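Reader: I have a structure to look at and some questions about it. Can we go through them one by one?

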Amino acid sequence: HIVMVAGYCTEMKSVDTQPCLAEGPPEYNWLVNDLANVNKTLTPWVFVLFHQPYVNSNTHHSIPTEGRPMRNAIEDVLYNSGVVDLVLSGHVHAYERSCKCYQYKCIDDAPYYITVGDGGNAEGLATPWFDPQLEWSLFRMASYGHGELIIQNKTHVLWQWHQNNDLSNEVADEFYIIKDSTP
């Protein structure tokens with residue numbers, strides 16, 4: 001099950017607010033209802049995609065300020081649904097993968113977060129990073145690349161990030177999401 005969430009709307013007058021996903025508007029209500037109706041027996045995998053990450057340690061974009069409205073709007077919804085396996089975002093022109101993360105802590109029943117905004121752009125790569133690397137940040141790199149999500153079966157998903165700097169195509173980061181065969 002793939003859910004794409006719009007982080008921008010015409011009511012948004014500033015990056016400091018997230019009116020499209022505030023409690024009450026149609027998109028928020030739809031998201032809560034959609035996730036509440038996922039049957040994990042029939043639909044073992046749930047992936048959520050949106051543009052601007054809130055789990056990211058790159059300082060080129062101020063995620064504590066830029067990402068805060070999105071985080072305030074949907075982090076609890078995604079976590080409390082209990083069904084989201086992975087959240088994919090872009091915006092930051094670099095790559096980063098987290099642990100299963102909720103409120104910037106590694107928590108077993110939370111979704112993984114991946115920022116994969118490194119497909120290329122005229123502005124160049126986003127650097128630098130918070131230093132030292134934050135506990136929830138498992139892998140990060142400012143390099144061009146692309147990701148591949150391979151659903152192998154109802155218990156295994158493989159994520160691979162291919163670094164394609166200097167026209168080479170190598171797997172620079174990969175991990176499996178593995179779950180019990182019972183939902």
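Reader: Is cysteine 99 buried or exposed?
Author: Keep in mind that this model is predicted. Buried means under 20% relative accessible area. Cysteine 99 has a relative accessible area of 8%, so cysteine 99 is buried.

Reader: Which cysteine does a disulfide join to cysteine 99?
Author: A disulfide needs two cysteine sulfur atoms within 2.5 Å. Here the S to S distance is 2.2 Å, and the partner of cysteine 99 is cysteine 106.

Reader: What is the handedness of the disulfide of cysteine 99 and cysteine 106?
Author: Look at the torsion about the S-S bond. For cysteine 99 and cysteine 106 that torsion is about -95 degrees, so the disulfide is left-handed.

Reader: Where does cysteine 101 stand, and how far away is the nearest cysteine sulfur?
Author: Cysteine 101 is in no disulfide. A disulfide would need sulfur atoms within 2.5 Å.

Reader: What is the relative accessible area of cysteine 101?
Author: The cut-off for buried is under 20%. Cysteine 101 is buried, with a relative accessible area of 1%.

Reader: How many residues line the largest pocket, and which lie nearest its centre?
Author: The largest pocket holds about 390 Å³ of space. Its lining has 20 residues. They divide into eight nonpolar, four polar and eight charged. Nearest the centre of the pocket lie Lys40, Pro44, Gly82, Asp85 and Lys179.

Methods:
Residues are numbered from 1 along each chain as its sequence is written. This is a predicted model: local features need pLDDT of at least 70, side-chain atom pairs count only at pLDDT 80 or more; totals for chains, interfaces and linings use all residues. Side-chain values use heavy atoms; hydrogens and water are left out. Buried means under 20% relative accessible area, exposed over 50%, partly exposed in between (1.4 Å probe, protein chains only). On a 1 Å grid over the protein atoms alone, a cavity is a set of points where a 1.4 Å probe fits but cannot get out, and a pocket is an open set with protein on both sides within 12 Å along at least five of seven lines; lining residues have an atom within 4 Å of a point. Grid points are joined across faces, edges and corners, and a volume is the space filled by probe spheres set on the points. Ala, Val, Leu, Ile, Met, Phe, Trp, Tyr, Cys and Pro count as nonpolar, Asp, Glu, Lys and Arg as charged, and the others, Gly among them, as polar.
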